[in-house]
Amino acid sequence: MQPSLEIIYLHHSGFAIKTEKHLLVFDYYQDPANSMTDLLDQGQTTYVFSSHSHGDHFNQEIGKWQKKVAAYFLSDDIIEAGGLKSVDDCKLIYMKPYESKEQADIQVATYGSTDQGLSFLVNVDGWRIFHAGDLNWWHWKQDTPENIKAAQDGFAKELALLAGLKLDVAFFPVDSRLEEFWAIGAEEFCRKVDVKHLVAMHSCGKVWQPAAEFPEPGKQVAVWSPGEGGQSLKVLKSEF
Ligand SMILES: [Zn+2]
């Protein structure tokens, strides 16, 4: 049977992913559909990730799951924000950008961000999953030319480190506050990286619909833009 995974949208940049043997949770902040209670009860080996300490990517509530969680992979800026209180140290794995850690049957590599913290590349059950955190081309058009240029250069620098990666699933911000520039980061990312399934996140209230030929003519990336917490998507493994 063709391997598959299921992605459950929580809220904002928060997602749960069920693979054959694992449950992964990224950037939990809110869960309006209360999906987590059921997911945590299914008995899979569970790993929880937080890309940085900002309130829309990290919530102390994840500590309440610790009996059901094998390990937490957390950006180390969360330590400065007080850490994940009430969780046993042996379950906490703090990471800086550009590191790798292995734990039982999961490999986690970190890349940079253009905001705070880091982005995650996870290898588990044969799947390569990338969560960008707040890595994005933050093109605020009202900003000064210098800041706009710095945002572009900073993004290009991080993207050069990701170029050529082969990813089964990638979560990437498409922030509607950037107005007509809200998807330029995701477009550039999908041009430079081999992505089978792109999941739009951090959209701040609007649902993004990609152009017919996303990211460019001759290169097709499947896109999922969830709008409501609790929505889910089944992804079948496809070859590169
Ligand atoms: Zn954010």
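**Core, helices and a hairpin in the predicted model**

Among the 65 residues of the largest nonpolar core, those touching the most other members are F15, A16, L24, F172 and L198; such a core is a set of buried Ala, Val, Leu, Ile, Met, Phe, Trp, Tyr and Cys residues joined through C-beta atoms within 7 Å. A residue is buried if 20 or more other C-beta atoms, placed from the backbone, lie within 10 Å of its own. The model is predicted: local features need pLDDT of at least 70, side-chain atom pairs count only at pLDDT 80 or more, and totals for chains, interfaces and linings use all residues. Residues are numbered from 1 along each chain as its sequence is written. With residues up to four places away in sequence not counted, A16 touches I8, L10, L23, L24, V25, S35, M36 and L39 (contact: C-beta atoms, placed from the backbone, within 7 Å).

Helix 4 (residues 184–192) has G185, A186, F189 and C190 as its buried residues. Seen down the helix axis, these residues fall within an arc of 125° and so line one face of helix 4, the arc being that of the directions from the axis to the C-beta atoms. They pack against helix 3, strand 11 (166–173), strand 12 (194–201) and strand 13 (215–216). Helices (H or I, at least four residues) and strands (E, at least two) are DSSP runs, numbered from the N terminus.

Helix 3 (residues 145–162) is followed by G164, which has a positive phi near 85°.

Strand 7 (residues 100–103) and strand 8 (residues 106–111) run antiparallel and are joined by 4 bridges; strands pair if DSSP finds at least two bridges between them. Q103 has I106 of strand 8 as its bridge partner. In this hairpin, with 2 residues between the strands, A104 takes a positive phi near 45°.

How values were computed
Buried ≥ 20, exposed ≤ 12 C-beta atoms within 10 Å, placed from the backbone. Contact = placed C-beta atoms within 7 Å.
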